[in-house]
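Subject: Structure for you to look at

Hello,

Here is the structure I said I would pass on. My notes on it follow below.

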Amino acid sequence: MQEITIQTPDDLHLHFRDESMLLNTVPATARCFRRAIVMPNLVPPVTNAERLTAYRERILSAVPPGKHFEPLMTIYLTDNTDKETVTSAKAAGAVAAKLYPAGATTNSDTAVTDLERLYPVFEQMQKIDMLLLVHGEVTDTHIDIFDREKEFIDQKLQVIHARFPNLKIVFEHITTKDAADFVSQANEFMAATITPQHLMLNRNDLLVGGIRPHNYCLPVLKRSTHQQALRKAVQSGSHKFFLGTDSAPHEKHKKETACGCAGCYSAWSAIELYAQVFEELDALDKLEGFASHYGADFYGLPRNQGTITLKKEQWKIPDAIHLGNGEDIVPFFAGQTINWKVTDA
Ligand code: DOR
Ligand code: ZN
């Protein structure tokens, strides 16, 4: 196949950040996605309706003229989030609330330490049809980082899902066979996003031949058997797995340092990278469901009007993206050649 046209896709999980970075991140996503689920882990985090409304305005002012793009907003759960907070956030347009276990990842220090305290909030979310988005890793220091996702399933996610079986949960950026199996076997209120990096890479790509900070993200890349399980999940065409890039920019100096930040900035090539994976899997016919249908259906959103076209064309991902304030970001897959290019969006 030399060309593929799909209904306009959505990115169901990403980080736009804030302020001047929006001038790069928002156009990068709006170039081919119609909507995106925007993560709330800013400093300070988006914990309520007021912050959400202001943040949405800042994002909308960075949308290039003539582009149709809709940010879908989320709020950040803390130990102090109550029923009124989620209800007013929903009224202000929040589609979901994000659960970060405190300390699990970037800007999660003030997030959740006590899940049970949030049960009345989950009850309310189930009632008002608001989704729960989960960063699925435990944070106990004695648990090995490669086991943290599986432990989260066993200790936490199974419990929440059993207690709130009609609460729609997105298990975000899954990285293990355990997670893929869990989601496949759960009821129809459980789904998962999968990133390009977890489909394309495994932990050898992080650690063999030298440490590669631009492949470092959380949850961390796992061994290749897990990567293969994720590839099988998307190849199967199951509607439980859909596109969420977790595009998460950090300035170059914050990645290339003694204690580097987690996150891959994939927005400038994300749909092309997914197309490459689906082609390798001989499953290009499944790309549209994964990128444009299953996520919208799970969220209860209409599928997008319009299409995008990708052509088989080699191009090189730039070594750096200049932010215009003297800072650079090294994009995911920098300097490497990929085989697909969006030609019409
Ligand atoms: O790699 C990641 N980066 N994983 C996350 O969970 C958060 C994200 C970020 O915000 O930098
Ligand atoms: Zn994320």
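The donor residues of the zinc ion (ligand 2) follow the spacing H-x1-H-x230-D along the sequence. Bear in mind that this is a predicted model. The protein donors in question are His13 through NE2, His15 through NE2 and Asp246 through OD, and they lie 2.0 to 2.1 Å from the zinc ion. His13 and His15 are both buried.

A total of 14 residues surround ligand 1, and the closest are Arg17, Asn41, Thr106, Leu218 and His250. Sorted by class, the shell around ligand 1 is made up of eight polar, four nonpolar and two charged residues.

- Arg17 has a polar side-chain atom 2.8 Å from an oxygen atom of ligand 1.
- Thr106 likewise places a polar side-chain atom 2.8 Å from an oxygen atom of ligand 1.
- His250 has a side-chain N or O atom 2.8 Å from an oxygen atom of ligand 1.

On its own, ligand 1 has 290 Å² of accessible area, and the protein covers 100% of that. The space that ligand 1 takes up is the largest cavity.

Regards

Technical notes
Residues numbered from 1 in each chain as written. Chains lettered and ligands numbered in written order. Predicted model: local features only at pLDDT ≥ 70, side-chain atom pairs only at ≥ 80, totals over all residues. Heavy atoms only, no water. Near = heavy atom within 4 Å. Polar contact = N/O pair within 3.5 Å; in protein donor to acceptor, adjacent residues only side chain to side chain. Areas by Shrake-Rupley, 256 points an atom, 1.4 Å probe, with all protein chains shown as cover. 1 Å grid on protein atoms, 1.4 Å probe; cavity = no way out; pocket = protein on both sides within 12 Å on 5 of 7 lines; lining within 4 Å. Sits in = over half its atoms within 2 Å of the grid points. Nonpolar A, V, L, I, M, F, W, Y, C, P; charged D, E, K, R; others polar. Donors = N, O, S within 2.8 Å, 3.2 Å for Na, K, Ca; no water. Buried < 20%, exposed > 50% of the residue type's maximum accessible area, 1.4 Å probe, protein only.
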